[in-house]
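Me: I would like to learn how to read the packing of helices and a few local backbone features in a model, going through them one at a time. Could you give the general idea for each before turning to the case at hand?

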Amino acid sequence: MSRRAAAALTLSTLRFFWTSPQGPEPDGTGYRGFYYHFLDMQTGRRAWRCELSTIDSALLLAGALAAAAYFDAVVAEEQEIRMLADALYRRADWKWAQNQGATVTHGWTPEGGFIKYRWEGYDEALLLYILGLGSPTHPLPESSYAAWTSTYRWESCYGYDYLYAGPLFTHQLSHAWIDFRGIQDAFMREKGIDYFENSRRATYLQQCYATMNPRKFEGYGECCWGITASEGPGPATLKLNGIVREFYDYVGRGVPYGPDDGTLAPWAVAASLPFAPEIVLEALDFCIHQAKLKEFNRYGFKAAFNPTHPGEPGNPYGWWVSPWHFGINQGPIVLMIENYLTDLVWRLMRGCPYIITGLRRAGFEGGWLGQSPPA
């Protein structure tokens, strides 16, 4: 794709999000600068009765800021990209999303108001809090970040000491945008590592868990791992080789405590590439050449597979393979491969003043960020 074609596509996307309906009405596109989790691809308005999603809006805004950093030419189209990305970011009302609480809520609906769940416990919300702290218009208070980190769980498992989060994707999504190598907040300074090292340990823990295979699923091994939030072959209960197995549909599968029904997600392996290429490349080789997970797929890997579940009779794999592709899976693959090869997205975001402000307000220091300026 040429730069001009990419700029045109980016600009049309940003124009849509800037001009689409923002308001409390149930059929809008967003509200308070945030967007609904799912939008109708024909009308651009809220699909089903889904929630205004703070984390999905954060991912969207991070992408807009990355695009603004990339399209830096002094031409009208790229200047408008930068202007719209900046305006979209400035419109998000992070303080409102707290709903007068210490942490940020998961979202809001016109019918029921704020969702009762909040971003607490280590997860992909690391990006959300940094974006919220960096806002020049409606920032989160610094106390919100401290409230979030106070809910962390530091654990020791299979010989690895790490900040716990079960699904593998939670150790990846924030890292797709922000280079956490060598920078530390107060929590990580106390532990003597950084979030990048934590994700490396979480990746190795996935491999270790699959090698140990405590639930004795088919296929698990040194080169066959990757447990994360994904769809699966259930809901179903089958008796296989004398063992009654319960299979789930979409669920937040995780290591080491589960849930785990034998379902693996190759995209989550690929998105771990910057953390541990020495084991990820071997696992990808297995997925491609032994499990043949690309052979019948136009868009690379399907969302998930389960070697324990037989799948539908006559399927070409001999086990269950998801029939679907999901954009939320495909995006991290592209971003993390690029970061592994060139550091491109990390380099773009290291120059974003909002990211720098958010990191410093969260207490990050060291590495490429340097020391925080005096208050």
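Me: What is the handedness of the crossing in which H5 passes H6?

Reply: Two packed helices are described by the angle between their axes and the distance between the axes. In this predicted model, H5 passes H6 in a left-handed crossing, and the axes of H5 and helix H6 (residues 142–149) come within 9 Å and cross at roughly 165 degrees. That angle makes H5 roughly antiparallel to H6, because angles over 145 degrees count as roughly antiparallel.

Me: Which residues of H5 and H6 make the contact?

Reply: From H5 the contact takes Ala125, Leu126, Tyr129 and Leu133, and from H6 it takes Glu142, Ser144, Tyr145 and Trp148. Divided by class, the residues of the contact of H5 with H6 are 6 nonpolar, 1 polar and 1 charged.

Me: At what angle do the axes of H2 and H5 cross?

Reply: The axes of helix H2 (residues 54–70) and helix H5 (residues 125–134) cross at roughly 65 degrees and come within 9 Å, which means that H2 is roughly perpendicular to H5. The crossing of H2 and H5 is left-handed. On the H2 side, Thr54, Ile55, Ala58, Leu59, Ala62 and Leu65 meet Ala125, Leu127, Leu128 and Leu131 in H5, and by class this contact of H2 with H5 has 9 nonpolar, 1 polar and no charged residues.

Me: How are H2 and H3 oriented to each other, roughly parallel or roughly antiparallel?

Reply: The axes of H2 and helix H3 (residues 76–91) come within 8 Å and cross at roughly 150 degrees, and H2 and H3 are therefore roughly antiparallel to each other. The crossing of H2 and H3 is left-handed. Here Leu61, Ala64, Leu65, Ala67 and Ala68 in H2 meet Ile81, Arg82, Ala85, Leu88 and Tyr89 in H3, and the residues of the contact of H2 with H3 divide into 9 nonpolar, no polar and 1 charged.

Me: Turning to the backbone, which residues does a cis peptide bond join?

Reply: Most residues other than glycine have a negative phi, and most peptide bonds are trans. In this model a cis peptide bond joins Val255 and Pro256, with omega about 0 degrees, and a cis peptide bond also joins Gly258 and Pro259, again with omega about 0 degrees. As for their setting, Pro256 lies in the loop between strand E11 (251–252) and helix H9 (266–270), and Pro259 lies in the loop between E11 and H9.

Me: What is the phi of Tyr158, and where does Tyr158 lie?

Reply: Phi of Tyr158 is near 50 degrees, a positive value in a residue other than glycine. Tyr158 lies in the loop between strand E6 (154–157) and strand E7 (160–163).

Me: Finally, how many residues line the second largest pocket?

Reply: The lining of the second largest pocket has 16 residues, and Glu120, Gly121, Tyr122, Asp123 and Ala165 are those that lie nearest its centre. About 260 Å³ of space lies in this pocket, while the residues of its lining divide into 6 nonpolar, 5 polar and 5 charged.

Key
Residues are numbered from 1 along each chain as its sequence is written. This is a predicted model: local features need pLDDT of at least 70, side-chain atom pairs count only at pLDDT 80 or more; totals for chains, interfaces and linings use all residues. Side-chain values use heavy atoms; hydrogens and water are left out. Axes are lines fitted to C-alpha atoms, for helices over the stretch in contact, and angles run from 0 to 180 degrees between N-to-C directions. Helices (H or I, at least four residues) and strands (E, at least two) are DSSP runs, numbered from the N terminus. Angles under 35 degrees count as roughly parallel, over 145 as roughly antiparallel, 65 to 115 as roughly perpendicular and the rest as oblique. A crossing is left-handed if the near helix is turned anticlockwise from the far one by less than a right angle, and right-handed if clockwise. Contact means heavy atoms within 4.5 Å. Ala, Val, Leu, Ile, Met, Phe, Trp, Tyr, Cys and Pro count as nonpolar, Asp, Glu, Lys and Arg as charged, and the others, Gly among them, as polar. On a 1 Å grid over the protein atoms alone, a cavity is a set of points where a 1.4 Å probe fits but cannot get out, and a pocket is an open set with protein on both sides within 12 Å along at least five of seven lines; lining residues have an atom within 4 Å of a point. Grid points are joined across faces, edges and corners, and a volume is the space filled by probe spheres set on the points.
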